Amino acid sequence: MSPPVLSTTASPAPTAVKLGKISNATANDIAIKQDWESFTFKPIRESTVSRAMTKRYFADLEKYAESDIVIIGAGSCGLSAAYVLAKARPDLKIAIIEGGVAPGGGAWLGGQLFSAMVMRKPADEFLDEIQVPYEDEGDYVVVKHAALFTSTVLSKVLAFPNVKLFNATTVEDLITRRDPSTGQLRIAGVVTNWTLVSMHHDDQSCMDPNTINAPIILSTTGHDGPFGAFTVKRLVSMGAAEKLQGMQGLDMNTAEDAIVKGTREIVPGLVVGGMELSEFDGANRMGPTFGAMALSGVKAADAVLAVFDE
Ligand code: 48N
């Protein structure tokens, strides 16, 4: 594709942005003809922009205060699960809480600084489902850039009308219930705050959190790190789990099967998937292969939906 050629001769006629030949389209099909000399946007008042954003955000906060499903962590596992859940159950309200401004977790690069993403079969079936192209290498496939997978699954998740992503928002605690007769703990929602506030509770006056009630939570907060493995660590600190087994050394073949097979509801109301599970179960890490993240998300969605089938 030849680079766009901007016509440089000033002329009274509209200066057209002439695009080079792009696939079968002609320049006229997609050229944006503007009279750049007299170009101007439609007028707006700053408060209109503010109201356009805040009206929608606070309507979403009100709507998702009672969610059907909360997913903690919009990494490759959480997003894959969100895609399956949103497509399977358009009647359910799904809130995704993501601590970073940018969702996607560790799936923007394939490994170290290398951009290609490897997924072992049968994870190619998920790539087919979300229509991400790849090179077939026999037992595994290669997506030419990890960001192609992550941006594609993210864009499809965000397009579902029953999904709301709350990014730059951190889950800093869990809502819990105790069964009055058995005393069994059940997770019944999440406690959230702006991530910047969550990061600075120790050095600024207390700012209380917000809450979201939901009958089922899927936690996919990744392996240990500044924010990683949040939920399983919180289970331990509240005495709901004895201790974390801790993620083990790298062994691709062992790790990926263990994570997918181990994805499950670990306490009533809480499903854990992805690398967060390796901290809980003591599974190996797999390093730069992502098939287990996608399929752990698919299996997590099954575990979540089972709650609604009960
Ligand atoms: O990408 P991650 O960290 O987690 P997963 O499990 O989706 O994918 C893991 C994968 O990227 C690997 O680690 C690969 C396969 N490597 C394995 C290996 O051997 O090293 O995404 C977790 C997301 C992040 O975006 C965090 O910002 C977010 O969860 N997060 C939270 N969001 C809200 N509240 C929290 N408390 C929280 N903690 C983490």
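1. The structure is a predicted model, in which local features need pLDDT of at least 70 and side-chain atom pairs count only at pLDDT 80 or more, while totals for chains, interfaces and linings use all residues. Residues are numbered from 1 along each chain as its sequence is written, and side-chain values use heavy atoms, with hydrogens and water left out.

2. The chain holds 10 helices and 16 strands, these being DSSP runs numbered from the N terminus (helices are H or I with at least four residues, strands are E with at least two). Of its 310 residues, 43% count as buried, where buried means under 20% relative accessible area, exposed over 50% and partly exposed in between, with a 1.4 Å probe and protein chains only. Among the contacts (heavy atoms within 4.5 Å) with a separation of 6 or more, 68% are between residues 24 or more positions apart.

3. Helix H3 (residues 76-88) and helix H10 (residues 291-309) have axes that come within 7 Å and cross at roughly 45°; axes are lines fitted to C-alpha atoms, for helices over the stretch in contact, and angles run from 0 to 180 degrees between N-to-C directions. The two helices, H3 and H10, are therefore oblique to each other. On the H3 side the contact includes Ser76, Cys77 and Ser80, and on the H10 side it includes Met293, Ala294 and Ser296. The residues of this contact between H3 and H10 divide into 12 nonpolar, four polar and no charged, with Ala, Val, Leu, Ile, Met, Phe, Trp, Tyr, Cys and Pro counted as nonpolar, Asp, Glu, Lys and Arg as charged, and the others, Gly among them, as polar.

4. Six strands form an open sheet of mixed pairing, in the order E8-E4-E3-E12-E15-E14, two strands being paired if DSSP finds at least two bridges between them. Strands E8 (163-167) and E14 (264-267) stand at the edges with a single partner strand each, so one side of each is left without a neighbour in the sheet. From one strand to the next, the twist averages 25°. Strand E4 (residues 94-98) pairs with E8 in the parallel sense over five bridges, and Ile94 stands opposite Val163 in E8.

5. Met207 lies in the loop between helix H6 (195-198) and strand E11 (210-213), and Met207 is partly exposed, with a relative accessible area of 37%. Leaving aside neighbours within four places in sequence, Met207 is in contact with Asn193, Trp194, Val197 and His201.

Terms used. Angles under 35 degrees count as roughly parallel, over 145 as roughly antiparallel, 65 to 115 as roughly perpendicular and the rest as oblique.
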